[in-house]
Amino acid sequence: MRHIWRWFGPVDRVSVRDAAQTGAQGIVSALHHVPTGTAWTAGEILKRQNEVRAGGLEWELVESIPVSEDIKTMTGDWKTHIEAWKESLRQLAKAGIFTVCYNFMPVLDWTRTDLRWETAGGARAMRFDLVDFVAFDIHILQRPAAAQGYPEALIEAARSRFAEMSQEKIARLSSNIGAGLPGSADGYSIAELRAALSRYDGISADILRGNLIDFLSEVVPVAEELDMRLCAHGDDPPWPLLGLPRILSTEQDYIKVLDAVDRNANGVTFCTGSLGARPDNDLPAMVKRLAPRIHFAHLRNVTRETQGFPCSFFEDQHLDGNTDMVAVIAALLAEERRRKSIGREDHQIFMRPDHGQEILDDLTRGAQPGYPAIGRLKGLAELRGIEQTLMHPSYGMM
């Protein structure tokens with residue numbers, strides 16, 4: 001696999017030079033400062049490339065070109081925004097960048113109730129506490145009919161939890177849930193979140209999926225012409241939130257979209273952390289079945305703290321948690337061998353150590369939540385160790 005490292009630009013507390021020292025081979029980044037719905041220009045792309053090169057690596061993959069709410073709802077300036085998305089692809093291809101990760105999650109991207117929850121060992125990790133989330137939905141956001149979507153026991157637990165919350169806790173919880181796309185300046189106040197949710201009134205999962213397919217029908221042909229690969233990130237967490245539909249939470253969800261626009265350029269970002277929060281997702285089996293269209297892998301682990309789903313979970317160390325990371329990596333390596341055997345030029349799969357717990361000096365660095373230096377270094381070393389072991393002739397993977 002091609003080991004890359006996420007970098008949020010010059011504001012990132014973890015530098016490109018730091019990434020190079022971890023053993024990362026390249027950088028995945030984005031132009032977070034460019035407003036959503038606006039085309040990326042050659043000048044801004046070159047500027048980011050030069051910033052990365054100054055640290056000793058190359059910008060190899062994009063995560064993400066944001067998909068606007070106008071596109072997701074097919075309202076407002078959605079046609080203009082799609083044209084801007086296409087133009088961004090053209091400019092990236094001219095610059096030699098050919099893989100783009102994106103997501104189609106409505107309003108909220110990855111959602112956590114805690115961004116720096118302290119583990120038993122003193123590390124800090126991102127966490128989704130289901131009771132806190134329901135307390136936010138019913139008592140802080142006060143979403144109409146919110147309680148209708150939860151069982152009575154969970155409603156009562158949320159009522160008790162909210163009654164004990166300080167104003168500081170309420171403010172922190174609201175800020176964490178309303179946070180925008182990682183690396184961006186976006187984010188929602190309570191009033192703004194209510195307004196954003198209202199845009200999805202009457203939009204079911206089937207309608208949202210249809211909008212995604214329509215979007216892909218527009219941009220995938222452009223990507224094909226440019227020899228580019230698009231890869232959709234799954235829902236995080238992989239179930240409906242705040243009454244919003246989710247459409248990339250399971251294998252069947254992905255298959256519907258891949259079959260609807262059946263081109264290699266229409267692919268998957270396989271995130272073991274996002275998909276792993278659902279106990280009914282068999283990740284090694286999913287890798288095997290989705291393998292030909294996996295263009296990017298996010299490797300991280302979560303520990304589910306409650307049964308079923310929705311559930312509470314936290315982001316564990318890369319080799320702990322509920323996901324069999326060895327089996328996932330073995331399946332990805334098998335796909336790389338298959339691709340190479342049939343002469344695919346894109347046989348190598350991009351991988352990054354996704355997220356990580358804050359440990360040691362991370363605890364004072366103040367990096368982007370989920371993206372510490374040492375925690376990701378540890379994860380990359382562990383993942384690389386699994387890969388090298390599986391590829392050793394003694395194990396028959398060469």
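**Figure 1. One salt bridge is found across the interface of domain 1 and domain 2.** A salt bridge is defined here as a side-chain nitrogen of Lys or Arg within 4 Å of a carboxyl oxygen of Asp or Glu. The side chains of Arg127 and Glu305 meet in a salt bridge, with a distance of 3.0 Å from N to O. Nine residue pairs, both residues at pLDDT 80 or more, are in polar contact between domain 1 and domain 2. A polar contact is a pair of N or O atoms within 3.5 Å; within protein, one atom must be able to donate a hydrogen and the other to accept it, and residues adjacent in sequence count only if both atoms are side-chain atoms. On the side of domain 1 that touches domain 2, strand 11 (residues 313-316) provides the largest share, three residues. The residues of this side of domain 1 comprise 17 nonpolar, 10 polar and six charged. In this division Ala, Val, Leu, Ile, Met, Phe, Trp, Tyr, Cys and Pro count as nonpolar, Asp, Glu, Lys and Arg as charged, and the others, Gly among them, as polar.

The structure is a predicted model, in which local features need pLDDT of at least 70 and side-chain atom pairs count only at pLDDT 80 or more, while totals for chains, interfaces and linings use all residues. Residues are numbered from 1 along each chain as its sequence is written, and side-chain values use heavy atoms, with hydrogens and water left out.

**Figure 2. The chain is assigned to domain 1 (2-111 + 201-391) and domain 2 (122-198).** These bounds come from an automatic or database domain assignment. The contact, meaning heavy atoms within 4.5 Å, takes 33 residues from domain 1 and 28 residues from domain 2. The C-alpha centres of the two domains lie 25 Å apart. About 2,600 Å² is buried between domain 1 and domain 2, and carbon and sulfur atoms give 63% of this area. Buried area is the accessible area (1.4 Å probe) that two parts lose on being put together, summed over both.

**Figure 3. Thr113 lies in the loop between strand 4 (99-103) and strand 5 (114-118).** Helices (H or I, at least four residues) and strands (E, at least two) are DSSP runs, numbered from the N terminus. At 1% relative accessibility, Thr113 counts as buried. Buried denotes under 20% relative accessible area, exposed over 50%, and partly exposed in between (1.4 Å probe, protein chains only). The side chain of Thr113 makes a polar contact with the side chain of Asp114 at 3.2 Å, and the Thr113 side chain also reaches the backbone nitrogen of Asp129 at 2.8 Å. Not counting residues up to four places away in sequence, Thr113 touches Arg127, Phe128, Asp129, Asp132, Phe133, Leu173, Asn176 and Ile177.

**Figure 4. Arg6, Glu63, Arg112, Asp236, Arg300, Glu315, Arg352 and Asp354 are linked in a network of salt bridges.** Within this view, the side chains of Arg352 and Asp354 meet in a salt bridge of 2.6 Å, N to O. Arg352 is buried, with a relative accessible area of 1%, and Asp354 is buried at 2% relative accessibility. The peptide bond from Glu63 to Ser64 is cis, with omega near 5°. Ser64 lies in the loop between strand 3 (59-63) and helix 3 (69-73).

**Figure 5. A salt bridge joins the side chains of Arg365 and Asp18 (3.4 Å, N to O).** Because Arg365 lies in helix 14 (residues 362-365) and Asp18 in helix 1 (residues 16-22), the pair ties together parts that are 347 residues apart in sequence. Arg365 is partly exposed, with a relative accessible area of 27%, and Asp18 is partly exposed at 23%. The structure holds 36 salt bridges.

**Figure 6. Glu382 forms a salt bridge with Lys378, the closest N and O atoms being 3.0 Å apart.** Both residues lie in helix 15 (residues 373-391), four residues apart, about one turn of the helix. Glu382 is partly exposed, with a relative accessible area of 22%, as is Lys378, with 30%.

**Figure 7. Gln142 has a positive phi, near 55°, in a residue other than glycine.** Most residues other than glycine have a negative phi, and most peptide bonds are trans. Gln142 is found in the loop between helix 5 (130-140) and helix 6 (152-163), and counts as exposed at 52% relative accessibility. Ala145 lies in the loop between helix 5 and helix 6, with a positive phi near 65°. Ala145 is partly exposed, with a relative accessible area of 47%.
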